[in-house]
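Dear colleague,

I am passing on the structure below, followed by notes on what was found in it. Please read the notes alongside the coordinates.

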Amino acid sequence: MTETAERRGTGRSPARPAPAPTAPARERGRRRLLDQARAYGFLLGGLVCFALFSWYPAIRAVVIAFQKYTPGSAPEWAGTANFSRVLHDPEFTAAWRNTLTFTLLALLLGFAVPFVLALVLNELRHAKAFFRVVVYLPVMIPPVVSALLWKWFYDPGAGLANEALRFLHLPTSDWSNGADTALVSLVIVATWANMGGTVLIYLAALQSIPGELYEAAELDGANLLQRVRHVTVPQTRFVILMLMLLQIIATMQVFTEPFVITGGGPENATVTVLYLIYKYAFLYNDFGGACALSVMLLVLLGAFSAVYLRLTRSEGDA
């Protein structure tokens, strides 16, 4: 009687033990665990390969950046000596200046040209599939083959570029052999070789814009440039920003074009950071300096990647 009164006074019901899971609930839990184990089993091969060929080399490079490392000898701890030596290398300044200039020029061309081509393809009424294949064709050519093709194209003697200029009675150019024109020539090569995928992404974004917006703009008297400015660009701004960040990350890792076409010359006019890393590792046999440069590039590209992930996450939440 007293216990009942106390319970009424506190207004609390006596604690009851949690019901034991039923057989169907246990069976569902077991199936869920089996499904997860099966999924991770399928992913295991890919994760192992990714760890061996991506994560481990990256971690190993960070370690070697602080070591005096020569193949065939035991590594010795060097602290920040590799970074100091690389920073005082005259080629270091030239490599970063060329890389940043290449990135800026590639943005100017690689942003404008694919966007304009996507606008033109989007307005075509006939042979759309044919022109899409023509635009995407350079992407399917191996990068080294593409670079060798343009190296012959830029030949100052019998190259097709100068032959075309002579046919038009225009002055010829040294193209990739001139210190003033070599970097711009490589930007043209990179833009031609990689713009196909960008054009298709822009084209997909353009085709997702509701046609009613263009019709309303036309009724308001907007011309083509006004429709592009007030309808197309605002509707595709997220895609434009994402491709711009991805292009910055990609162009700062340019290597194939200077390696195959110019060899970093003339007069170090086309030495990029990635090409300088190659020289440190395989020409100077200085793996510590090469890894120190790699860590610097890793930090910079990691910052751009963080911005990219933040923006994509914000767009996904919106």
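The second largest pocket is lined by 16 residues, of which Gln 253, Leu 274, Ile 277, Ser 294 and Leu 297 lie nearest its centre. Here a pocket is an open set of points, on a 1 Å grid over the protein atoms alone, where a 1.4 Å probe fits and which has protein on both sides within 12 Å along at least five of seven lines, and lining residues have an atom within 4 Å of a point. This is a predicted model, in which local features need pLDDT of at least 70 and side-chain atom pairs count only at pLDDT 80 or more, whereas totals for chains, interfaces and linings use all residues. Residues are numbered from 1 along each chain as its sequence is written, and side-chain values use heavy atoms, with hydrogens and water left out.

About 350 Å³ of space lies in this second largest pocket, a volume being the space filled by probe spheres set on the grid points, which are joined across faces, edges and corners. Helix H2 (23–64), helix H13 (273–283) and helix H14 (287–317) each supply at least two residues of its lining, and H14 gives the most, with seven. Helices are DSSP runs of H or I with at least four residues, numbered from the N terminus. By class, the lining has 12 nonpolar, four polar and no charged residues, where Ala, Val, Leu, Ile, Met, Phe, Trp, Tyr, Cys and Pro count as nonpolar, Asp, Glu, Lys and Arg as charged, and the others, Gly among them, as polar.

The largest pocket has a volume of about 550 Å³ and is lined by 29 residues, with Ala 190, Ala 193, Asn 194, Ala 250 and Thr 251 nearest its centre. H8 (182–207) is one of the helices that supply at least two lining residues, and H8 gives the most, with eight. The lining divides into 19 nonpolar, nine polar and one charged residue.

H13 is followed by Asn 285, whose phi is positive, near 60°. Gly 289 lies in H14 and counts as buried because its relative accessibility is 0%. Leaving aside neighbours within four places in sequence, Gly 289 is in contact (heavy atoms within 4.5 Å) with Asn 82, Arg 85, Val 86 and Tyr 280.

Thr 262 is found in helix H12 and is buried, with a relative accessible area of 16%. The side chain of Thr 262 reaches the backbone oxygen of Pro 258 at 3.2 Å and makes a polar contact with the side chain of Thr 270 at 2.7 Å. A polar contact is a pair of N or O atoms within 3.5 Å; within protein, one must be able to donate a hydrogen and the other to accept it, and residues adjacent in sequence count only if both atoms are side-chain atoms.

A search of the whole structure finds 21 aromatic pairs, for which ring centres of Phe, Tyr and Trp (its six-membered ring) lie within 6.5 Å, with planes under 30 degrees apart counted as stacked, over 60 as edge-to-face and the rest as tilted. Phe 153 and Tyr 154 form an edge-to-face pair, 6.0 Å centre to centre with 65° between the planes.

Best regards

Methods
Buried means under 20% relative accessible area, exposed over 50%, partly exposed in between (1.4 Å probe, protein chains only).
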